[in-house]
Amino acid sequence: MTVLLGALYTGVALAARDWLLNFLRERTPSGLGAPLATLPRVQEAVGRIEALLLSNQRLLASLASDLDRGEQIALAESGLVKTLVMRQAAELVQEALALTSNHGLSRRNPLERHLRDVLCGRIHTPQEDSALVVAGRHALEQGQRTA
């Protein structure tokens with residue numbers, strides 16, 4: 001279920017990112033005289049978005065690969081993957097919204113809907129607080145791990 005939900009909400013974040021990229025390429029404020037995409041600050045923020053997206057995709061691909069090989073995934077690990085993927089998907093869309101300001105909140109643009117949709121990922125079991133308690137308890141019971 002973690003892979004399914006993670007892929008769903010990462011897909012929402014990907015759609016938000018795709019809309020953002022088009023917006024930044026096309027939006028040319030009169031005071032700037034060039035598209036927002038030309039600004040180093042915007043390029044850096046898009047780089048952070050790309051890092052979040054890559055992290056989610058790699059986490060989910062790794063978990064799916066382990067499951068395909070028949071490996072048993074600890075509840076603590078699965079919960080942490082779900083927590084990280086949902087956090088990062090929401091962070092990605094919020095970063096996109098910060099770059100678009102009022103334009104992103106307009107109902108004419110899909111970013112407002114993507115934000116609402118991605119925040120719904122938090123309600124699926126296990127919720128973040130429960131996943132963190134399970135992971136913390138597991139770590140405390142296991143002692144030190146070797147890398």
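Predicted model: local features only at pLDDT ≥ 70, side-chain atom pairs only at ≥ 80, totals over all residues.
1. Ground rules. Local features need pLDDT of at least 70, side-chain atom pairs count only at pLDDT 80 or more, and totals for chains, interfaces and linings use all residues. Residues are numbered from 1 along each chain as its sequence is written, and side-chain values use heavy atoms, with hydrogens and water left out.

2. Helices α2 and α3. Helices here are DSSP runs of H or I with at least four residues, numbered from the N terminus. The axes of α2 (residues 40-68) and α3 come within 10 Å and cross at roughly 160°. α2 is therefore roughly antiparallel to α3; the cut-off for that term is an angle over 145 degrees. Axes are lines fitted to C-alpha atoms over the stretch in contact, and angles run from 0 to 180 degrees between N-to-C directions. The crossing is left-handed, meaning that the near helix is turned anticlockwise from the far one by less than a right angle. By class, this contact has 16 nonpolar, three polar and four charged residues. Ala, Val, Leu, Ile, Met, Phe, Trp, Tyr, Cys and Pro count as nonpolar; Asp, Glu, Lys and Arg as charged; the others, Gly among them, as polar.

3. Helices α3 and α5. Their axes are 9 Å apart, at an angle of about 155°. That makes α3 and α5 roughly antiparallel to each other. Their crossing is left-handed. α3 contributes Ala89, Ala90, Val93, Gln94, Ala96, Leu97 and Thr100 to the contact, and α5 contributes Leu111, His114, Leu115, Val118 and Leu119. Contact means heavy atoms within 4.5 Å. The class count is nine nonpolar, three polar and no charged residues.

4. Ser101. This residue lies in the loop between α3 (75-100) and α4 (102-105). Its phi is positive, about 50°, although Ser101 is not a glycine. Ser101 counts as partly exposed at 44% relative accessibility (buried is under 20%, exposed over 50%, partly exposed in between; 1.4 Å probe, protein chains only).

5. His124. This one sits in the loop between α5 and α6. His124 is partly exposed, at 24% relative accessible area. Leaving aside neighbours within four places in sequence, His124 touches Leu5, Tyr9 and Lys82. Its side chain makes a polar contact with the side chain of Tyr9, at 2.8 Å. Such a contact is a pair of N or O atoms within 3.5 Å; within protein, one must be able to donate a hydrogen and the other to accept it, and residues adjacent in sequence count only if both atoms are side-chain atoms.

6. Pro126. The Thr125 to Pro126 peptide bond is cis, with omega near -5°. Pro126 is in the loop between α5 (111-119) and α6 (128-142).

Conventions
Helix = DSSP H or I, 4+ residues; strand = E, 2+ residues; numbered from the N terminus. Parallel < 35°, antiparallel > 145°, perpendicular 65-115°, else oblique.
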